[in-house]
Amino acid sequence: MLREKILIVDDDPDILDVLKITLEAEGYEVIEGHNGQEAIDIIKKNAPDLLITDFKMPKLCGDEVCKILKSDILVQHMPIIMLTGKGETSDKIHGIDCGADDYMVKPFEPRELAARVKMVLRRTARDLDANPLTRLPGNVSILNEIQKRIDEGGLFSVCYKDLDKFKTFNDKYGFEKGDEVIKNAARILISSVQEKGTPKDFIGHIGGDDFVVITSPDNVDELCKAIISKFDIMMPTLYNKEDKEKGYIVAKDRQGKVKKIPLVSISIAVVSNEKRKISHVAEVGEIGADLKHYAKSLKGSNYVKERRKN
């Protein structure tokens, strides 16, 4: 069973020692950082389950770290516990306003810290079915978001994204490289939505190499084009020189026949209520499955839109 991973950040080595001893005794995996910028760098590489950070630190203070993390869709759901000095009420309030989920006053009682950590992790797991690899919202959140758009009665487009030939890549290059593809794909979705989408857009991770983006019909074409362009630039960089130059991998297909398998591409199926009434989440899923099947039959990266009327 994987241990939950906690990042502790403080410029006081004595505080770090107390935190580490307390948390490791509870069975958590502990990573240490010594300033705010180091915390940001570690989180981008390790994606911990929880951050415990001091308020006043070199380079970036705790409130600045909170602001940066809460503006990044990939890590904004990670819970944060802020440590403040005794009596510094303004720091506590400011930390909470910046996105901290809880705070503790130094010096703290180790048993209370352990209890607070358990409470925050339990609450986060209950409130958010986040994918453990990308930290994007999972299936429950995706279904709720689609139903919410249906209930609101406005126009929306649900984009189902799937990677083609990913299994072959994963088999040859290993799960670590495969996870890198998934995380890079998530970041491409995020940056594309930030550039071509709207603040109301939603990004979710169904699981494996399947993602969902919910946007408006006005933005969907430019958004899909941006995603495909970025993905087709990124993906070849993860192959070795020989496979990249050939443009394929020699491997067995699902029937066991040796074939030339093309490089991984991305297929996007777009379901919209622009031309037809949609009243239930199940309708979106059914239409999306048909469109995705067609998109995956096309060569290379593509997106297809549902054009039929009621």
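1. Two rings of Phe, Tyr or Trp count as an aromatic pair if their centres lie within 6.5 Å, and as edge-to-face if their planes are over 60 degrees apart. In this predicted model, a search of the whole structure finds three such pairs.

2. One of them joins Phe169 and Tyr239, with 5.1 Å from centre to centre and 75° between the planes, an edge-to-face arrangement. The two residues are 70 apart in the chain and belong to distant parts of it: Phe169 sits in helix α7 (residues 166–173), Tyr239 in the loop between α9 (220–234) and α10 (241–246). Both Phe169 and Tyr239 are buried.

3. Tyr239 also pairs with Tyr173: the ring centres are 5.6 Å apart and the planes stand at 85°, so this pair is edge-to-face. Here too distant parts of the chain are linked, Tyr173 being in helix α7 and 66 residues from Tyr239. Tyr173 is buried. Phe169, Tyr173 and Tyr239 make up one aromatic cluster.

4. The open sheet has five strands in the order β2-β1-β3-β4-β5, with parallel pairing. Its edge strands, β2 (29–33) and β5 (102–106), each pair on one side only. On average, neighbouring strands are turned by 20° against each other, direction ignored.

5. Within the sheet, β3 (residues 50–54) and β4 (residues 80–85) run parallel and are joined by four bridges. Asp54 stands opposite Leu83 in β4.

6. Helix α3 (residues 62–70) packs on the sheet, touching β3 and β4, and its direction makes about 165° with that of β4. Helix α2 (residues 36–46) lies across β1 (5–9), β2 and β3 and runs at about 145° to β2.

Methods: Residues numbered from 1 in each chain as written. Predicted model: local features only at pLDDT ≥ 70, side-chain atom pairs only at ≥ 80, totals over all residues. Heavy atoms only, no water. Phe/Tyr/Trp six-rings, centres within 6.5 Å; stacked < 30°, edge-to-face > 60°. Buried < 20%, exposed > 50% of the residue type's maximum accessible area, 1.4 Å probe, protein only. Pairing = 2+ DSSP bridges. Axes fitted to C-alpha atoms, helices over the stretch in contact; angles between N-to-C directions. Contact = heavy atoms within 4.5 Å.
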